[in-house]
Amino acid sequence: MLKNKTIIDKLTVEQKASLMSGKSTWESQDIPEVVPAIFMSDGPHGLRKQMGEADHLGLNESLPATCFPTAATLANSWDEGLVYQVGKCIGEEAKALGVHVVLGPGLNIKRNPKCGRNFEYYSEDPYLAGKLAASSIRGIQANGTIASPKHFAANSQEYRRMASDSIVDERTLREIYTTNFEIAVKEGQPKSIMSSYNLVNGAYANEDSYLLRDILKDEWGFKGFVVSDWGGDNDHTAGVKNGSHLAMPTLGKNGTLELIESVKNGKLDEAVLDQRVDEFLTVVNSVDVSPADGTIDWTQHHEVAKKAAMESVVLLKNEDNVLPLDKTKKVAVIGDFAQTPRYQGAGSSVVNAKNLETTLDVIGNYPLTVSGFAKGYERGGRSNDQLVNEALALAKKSDVILLYAGLDEILESEGMDRTTIDMPKNQLALIQELAETGKPIIVALSAGSVVECSWENKVQGILHGYLGGEAGASAMLEVICGQHNPSGKLNETYPLTYQDVPFGKEFPAKGRYAYYKEGIYVGYRYYDTAKKAVRYPFGYGLSYSSFQYSDLQITKTGIKAVITNTSETAGAEIVQLYVSNPSSTLLRPEKELKGFTKVFLQPKESQTIEIAFDDKTFRYYDVKSRSWKTEAGEYKIMLASSVQDIRLEGQLQVEGTKPESTLLQPKYQRVALEEVTLEDFAELYGKQLPHEEATGQRLLDRTSIIAEMSQAKNPLARLVHRIIRSLLKRSEKKGKPDLNLLFISNMPFRAIAKMTNGMVSLAMVDEMLVMVNGHFFKGFAGLIKQFFQNRKLQKSN
Ligand code: BGC
């Protein structure tokens with residue numbers, strides 16, 4: 001039964017079809033007096049409302065907004081209340097600026113540290129990512145703004161992001177790549193969700209009825225609408241049929257015409273269209289579209305941004321208690337980031353920060369004796385002896401070096417995966433030179449994702465601020481001088497070197513298929529189970545206090561324990577609950593995160609903490625019955641300060657069943673991932689693996705990406721490809737990769753029709769492909785014909 005039957009009965013097929021795609025880059029379609037248009041804006045860590053020229057890559061200006069720490073940063077706080085607060089501020093700014101839907105949070109699993117968008121995502125662990133996303137959604141939606149968590153699902157690389165097929169075994173898909181979304185949807189109740197660009201096991205996420213209907217709607221009870229990622233609508237009819245409601249940005253009239261035709265020729269049942277319209281209207285008609293009043297409490301939001309950044313700082317090293325800094329010590333402040341902060345990543349999430357602080361501006365407010373500032377290095381990795389010499393001279397007349405270092409802007413961007421996890425060479429060289437002065441070094445690190453820290457033995461203290469948003473500078477200083485005791489813990493593993501990352505050499509997948517060969521062994525699930533040493537484990541972070549764990553009590557419903565602050569400094573501890581089943585007959589990680597809590601304790605204070613078990617604590621996904629099950633057994637219940645620092649443990653007998661399908665694939669059983677071949681993965685996958693077509697010249701189709709013109713039959717197309725590639729290379733050499741060109745070269749042909757406001761139709765794209773495929777004149781004639789036909793259609797009423 002349709003909820004909006006009275007409205008829908010009065011709509012024509014054309015009106016109904018028109019609602020399924022956007023009216024502009026940021027708005028949905030309206031039907032005057034009946035359905036309002038709703039306005040959407042990025043993004044996850046602050047609003048990017050564009051007023052002038054619209055783009056979805058963060059290239060053009062947007063209105064000033066509070067820039068909060070990015071998701072990767074916030075996740076280090078493990079603080080659901082705080083993430084809620086940040087979400088609430090973003091929801092308030094959205095409301096004040098007339099934005100109805102916030103395109104976030106981003107909660108994809110960090111499968112590999114090189115994914116260019118990891119700074120926008122919470123964690124390598126689905127439980128942590130899901131819980132924080134749910135809090136963010138509740139916060140954003142607290143005042144009626146809609147949250148649109150993204151990108152659903154298994155979207156793990158930027159390369160070929162619109163045309164990459166994530167080949168992932170069913171159990172891994174459910175336990176790792178959708179459990180995060182399950183928690184976010186069930187506990188956050190978002191009114192929208194954004195499907196991802198990629199395909200999952202052969203189907204575009206935006207037209208996958210298994211993901212969108214069976215799992216999202218039927219299993220999780222999602223009541224909102226599904227919006228495609230920008231340009232991510234592949235086959236519009238298939239999208240609508242299989243559960244997507246809104247293709248963005250606008251498709252011009254072509255989207256509407258396509259659906260009308262599909263209803264006529266029976267490809268799309270009108271009843272299904274009605275159902276999608278009904279689901280969409282249920283949300284859209286509940287939105288308050290009254291004019292925005294523009295009132296924002298900037299001061300309060302800046303304070304929230306500061307608190308969020310402060311709670312997210314992770315103390316990675318503190319040799320001989322070099323931190324907090326003694327105010328009598330002369331401090332040399334070194335590093336370009338102290339002058340021009342590194343506080344957010346590049347791409348669609350870019351915020352035009354309202355009140356951006358720099359360290360040099362605010363350092364005077366802190367009890368520190370600053371002996372001077374030296375830039376130390378240039379952005380972009382180039383060496384500069386003069387800057388190094390100035391830094392050395394300053395270091396020599398100081399007692400301690402406070403070095404602001406990390407990744408340059410361009411190393412972390414949407415649309416582009418990282419080529420290395422190393423820090424820029426010139427910064428590494430500077431650390432070496434500074435270390436030779438013998439002065440203690442404290443590094444304040446800015447990077448939204450994992451960096452290799454083999455330089456850690458050259459420095460005495462490391463504070464990792466990730467990307468702290470507009471108030472990151474003062475947040476870091478609060479920690480440096482001890483006004484705030486750090487309590488952040490890493491949301492991801494820092495391997496010793498990139499070579500330790502499973503299948504690291506194959507990332508990002510260059511061809512159509514990205515084989516998720518590591519299965520469930522993602523992040524710490526791999527390192528911990530394979531007993532591989534890491535630099536900093538998942539969940540790790542030091543404090544100026546010390547904590548003792550005692551009195552673990554385990555019942556059927558959860559745990560209790562006493563946490564004591566044994567130090568003289570007040571501080572907070574993030575307590576983590578890990579669970580494992582040592583006698584399992586399934587492939588299972590050594591331990592998995594199943595709960596966490598943060599407790600603040602005065603000096604010498606003790607508190608009893610409680611963590612309840614939930615439906616995720618003992619479950620596994622049974623592939624045979626396609627359902628969640630609990631394996632009977634004696635489970636290990638662990639309370640920990642990081643995945644490698646188990647403080648208390650006990651057992652619990654859990655009732656359940658004996659798994660029918662056990663996988664004894666020996667290499668996976670031994671977690672010997674370096675030996676796993678495609679054949680082994682096929683066994684895990686349980687089906688035949690799709691394979692790449694032969695290389696060399698071949699016919700391209702709508703789903704081929706522009707970069708595949710390198711294999712086109714038409715030499716002109718190959719030339720165009722070479723030109724794009726050389727322009728891209730040139731921009732990369734300049735240290736400023738051209739995001740537009742990158743986007744274009746990774747974009748499938750059909751997206752030309754989906755992102756040009758109706759100016760290009762799919763029929764025109766097909767003619768372009770005829771040209772690319774070697775029949776230039778035939779295609780050209782067809783293109784001209786289709787151009788005029790499309791123009792006529794666009795002008796018709
Ligand atoms: C990104 C989305 C973003 C959208 C709109 C896309 O390129 O993948 O995360 O919300 O653009 O800007």
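This is a predicted model: local features need pLDDT of at least 70, side-chain atom pairs count only at pLDDT 80 or more; totals for chains, interfaces and linings use all residues.
**View 1. Packing of helix H4 against helix H5**. Helix H4 spans residues 80-96 and helix H5 spans residues 126-141. Their axes lie 6 Å apart and form an angle of about 35°, and the crossing of H4 and H5 is right-handed. On the H4 side, the contact involves Glu80, Val83, Tyr84, Gly87, Lys88 and Gly91. These residues meet Lys131, Leu132, Ser135, Ser136, Arg138, Gly139 and Ile140 of H5.

**View 2. The open antiparallel sheet E22-E23-E26**. Three strands make up this sheet, in the order E22-E23-E26. Strand E22 (547-554) and strand E26 (606-612) are the edge strands, each pairing on one side only. On average, and with direction ignored, neighbouring strands of the sheet are turned by 25° against each other. Strand E23, residues 558-565, is joined to E26 by seven bridges in the antiparallel sense. Within this part of the view, Ile563 stands opposite Gln607 of E26.

**View 3. The open parallel sheet E2-E4-E5**. This sheet has three strands in the order E2-E4-E5, and the pairing is parallel. Strand E2 (40-41) and strand E5 (146-147) each have a single partner strand, so one side of each is left without a neighbour in the sheet. Strand E4, residues 101-102, pairs with E5 in the parallel sense over two bridges. Val101 stands opposite Ile146 in E5. In general, the strands of a sheet pair through backbone hydrogen bonds, either parallel or antiparallel.

Conventions:
Residues are numbered from 1 along each chain as its sequence is written. Side-chain values use heavy atoms; hydrogens and water are left out. Axes are lines fitted to C-alpha atoms, for helices over the stretch in contact, and angles run from 0 to 180 degrees between N-to-C directions. Helices (H or I, at least four residues) and strands (E, at least two) are DSSP runs, numbered from the N terminus. A crossing is left-handed if the near helix is turned anticlockwise from the far one by less than a right angle, and right-handed if clockwise. Contact means heavy atoms within 4.5 Å. Two strands pair if DSSP finds at least two bridges between them.
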